[in-house]
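Hello,

I am passing a structure on to you, with some notes on what turned up in it. Please have a look at it first and then read on.

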Amino acid sequence: MGITLVTMPWHPIDLPSLQLGLLHALVSRTRPQDEVREVHGSLRWAEFLLERSGGRLRPGDYVRVGSDSIFHGLGDWVFSGALYDDPDWGTARLRDYAVRHGIDVDVACEMRTYAAEFIADCADAVLADEPDVVGFTTTFMQNVSSLALARELKARRPRLTVVFGGSNCDGPMGHALHRNHRFVDHVVRGEGEYAFPALLRHLDDGTPPADVPGLCWWEGEVSRANPESRRTVAPADIPSPDYDDWQTALDASPVAEYVHPKLVVEGARGCWWGEKHHCTFCGLNGSAMAFRAKPGERLWSEVDRLVRRHRILDVVTVDNIIDMAYFKDFLPRAAASGWDLRMHYEVKSNLTPDQLALLADSGTVHIQPGIESLGSRVLDLMDKGVTGARNIRTLRECENHSLTCSWNLLYGFPGESADDYTAVIDQLPALVHLQPPSGAHRIQLERFSPHFNDPGLGFGKRGPAEMYQHVYDLPEDELTDLVYLFDTEDAGIGGEVEARLKQAVERWLSDHSGSRLTFTEDGDSLLVHDQRAGRPQRTHRFTGWQAAALRRLEDGRIGQALYRLLVEDGHRLTVEDLDEWLRHALELGLLFRDGRTYVALPTWGVPVRLDEPGYASQMLYHRRGPDFVIVMDRRDKGVSARYTLDDPDLLATFDTLQEPTPLAELSDRQLQAAKLLADEGLALLADGRAVALPPRLRSWPVPCTGI
Ligand code: SF4
């Protein structure tokens with residue numbers, strides 16, 4: 001059987017598709033007689049735009065439409081004209097939507113003029129290999145481009161079997177996708193590791209797949225949806241992804257020069273927190289919340305294999321939450337490797353400073369700690385299992401360990417009130433030295449979330465999000481089953497408090513880059529240097545119990561507990577002394593108060609920030625992998641050259657030339673290698689000596705935008 005696996009726009013062009021990699025490995029292992037191919041439609045689309053627009057529509061435009069506009073559905077709209085065979089379909093509605101929402105749609109409109117031709121071109125590419133089965137994976141805005149291609153394929157070759165799977169197919173969404181698109185033969189709902197091979201066996205035998213759990217299939221003109229199974233895929237049955245085809249496609253692509261490629265790995269599925277306390281707004285894990293993780297040793301061996309094979313040191317983990325066992329059996333292995341990895345991890349925000357330090361040592365540069373709010377009552381309402389004070393501590397420790405931290409400040413929870421926000425808003429100016437949220441956003445209703453599943457939690461009135469009106473030509477009741485995001489009546493705060501919150505966060509975003517609040521020690525004194533925007537620049541000196549109190553408050557404590565500790569430590573003070581000092585420290589913005597808990601705000605270090613004037617260490621640098629070195633050269637403006645040094649002679653010479661070395665001490669082979677490096681501008685040969693030019697870069701500026 002010939003099986004072609006397809007990932008369509010708007011899959012990120014710097015990442016391989018984990019789903020394709022897993023299915024490719026799975027089919028190759030379980031059905032060695034089959035021929036498996038991959039079509040990277042996302043990469044092809046970026047190439048197509050670049051070429052047809054004469055270089056005007058670049059990968060940056062792809063990201064703007066494909067990732068940044070996810071809540072406006074622009075990427076799906078680009079392909080809806082091709083799906084509905086009408087270049088003007090949905091355009092008037094989009095224009096109207098864009099005016100009301102103040103968004104720019106010019107780039108998406110230009111892209112749309114190429115969409116139908118691209119779909120035809122993709123169909124040529126898929127059919128050239130004469131596959132029997134074409135499998136699409138669809139997540140976020142991949143639905144419409146995938147449907148447009150599936151329709152074209154079936155029109156040209158009706159006997160072809162078209163299968164859809166991926167997060168967009170979970171639960172009712174998969175059945176709606178199937179029954180509304182007759183050209184989609186099968187939809188795999190839920191995880192594919194057991195269902196896809198079972199479907200292929202039925203296709204071999206020509207039998208109806210009535211026993212494949214969760215599968216949607218056609219019985220004549222009737223769309224059948226098999227009951228979904230509660231059985232989740234065991235970690236031992238999750239294959240290690242095969243990215244060879246992606247690498248080949250990327251290497252041959254003109255888009256490669258715009259892209260910083262990364263590996264995608266999966267350690268765990270589901271969420272161990274959500275199993276017990278499902279955060280009320282979160283629909284992330286669809287129908288499979290049960291937490292399962294590969295042993296850390298196995299995850300590391302996958303990372304090791306992929307890094308060596310692809311010569312890539314940037315690693316994105318897709319786990320929705322880190323397995324806490326990885327602090328013992330995965331991260332220490334990464335830290336011990338000595339490689340200059342850059343990893344991304346989603347974590348829970350109540351990690352200890354030691355755990356954050358280990359993350360940093362392991363090569364993790366970017367975390368998503370799911371902070372969501374700085375007020376404990378709102379965090380309680382969302383069942384987040386963390387306090388505002390703890391979240392502040394995490395933000396502070398990210399500065400201490402040079403970790404880029406992405407987070408959103410969410411509001412609009414049923415039951416919240418202005419009182420839950422005013423104290424936080426008043427304190428936001430004191431936080432400007434910590435990494436700000438991406439913005440203050442009203443929560444949106446997501447399918448699979450507790451808010452969605454239980455209308456009694458406050459969002460009784462709901463309907464498919466407005467953006468789907470310019471994406472799908474389907475009636476409201478079908479959209480209700482098909483889509484992931486819903487519009488509701490606003491809950492929680494609004495009016496003046498909402499406006500104050502948004503303004504304070506905007507201020508934080510604009511004031512952050514030049515702001516610092518740092519500790520240093522001077523003998524027995526603790527100095528706090530305040531260089532935050534909006535305050536007089538000054539240094540505070542604390543001694544005795546006051547210095548000890550500040551240190552004790554790095555962990556966050558209530559006043560009584562702090563008093564007890566200070567007295568136990570032998571300090572002499574009264575409760576009144578402490579209360580007075582806490583008030584004073586709060587006024588100075590050196591503490592954050594969350595209910596009765598105080599947490600100290602100064603940091604012990606300030607990471608290099610990306611927007612620091614004169615900061616240029618990313619112009620030319622090298623990173624070390626197991627048996628290779630990557631050199632990035634961005635010295636020529638607008639040009640990014642990437643070299644992989646893995647030839648043993650070249651590598652050994654590069655190592656030797658880390659120190660200036662007399663040419664006379666180099667062997668003939670080393671001299672030849674030194675000249676090669678010099679020809680590429682990576683070494684300098686002068687005055688009878690040679691030296692390598694790119695310094696080793698091990699720590700990254702914050703924010704680390706490359707990951
Ligand atoms: S928000 Fe994060 S921690 Fe909460 S249920 Fe979702 S994945 Fe789990």
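The domain bounds used here come from an automatic or database domain assignment. By that division the protein has domain 1 (2-231), domain 2 (244-443), domain 3 (517-600) and domain 4 (620-692). Residues are numbered from 1 along each chain as its sequence is written. Please note that this is a predicted model: local features need pLDDT of at least 70, side-chain atom pairs count only at pLDDT 80 or more, and totals for chains, interfaces and linings use all residues.

The centres of domain 1 and domain 2, taken over C-alpha atoms, are 28 Å apart. Their contact involves 20 residues from domain 1 and 19 residues from domain 2; two residues are in contact if their C-beta atoms, placed from the backbone, lie within 7 Å. On the domain 1 side, two or more residues each come from helix H1 (18-30), strand S2 (35-40) and helix H2 (41-52). Helices (H or I, at least four residues) and strands (E, at least two) are DSSP runs, numbered from the N terminus. H2 gives the largest share of that side, with 4 residues.

H2 also packs against helix H6 (residues 106-128), at an angle of about 125 degrees and with the axes 10 Å apart. Axes are lines fitted to C-alpha atoms, for helices over the stretch in contact, and angles run from 0 to 180 degrees between N-to-C directions. From H2, Gly41, Arg44, Trp45, Phe48, Leu49 and Arg52 meet Met111, Tyr114, Phe118, Asp121 and Cys122 of H6.

Best wishes
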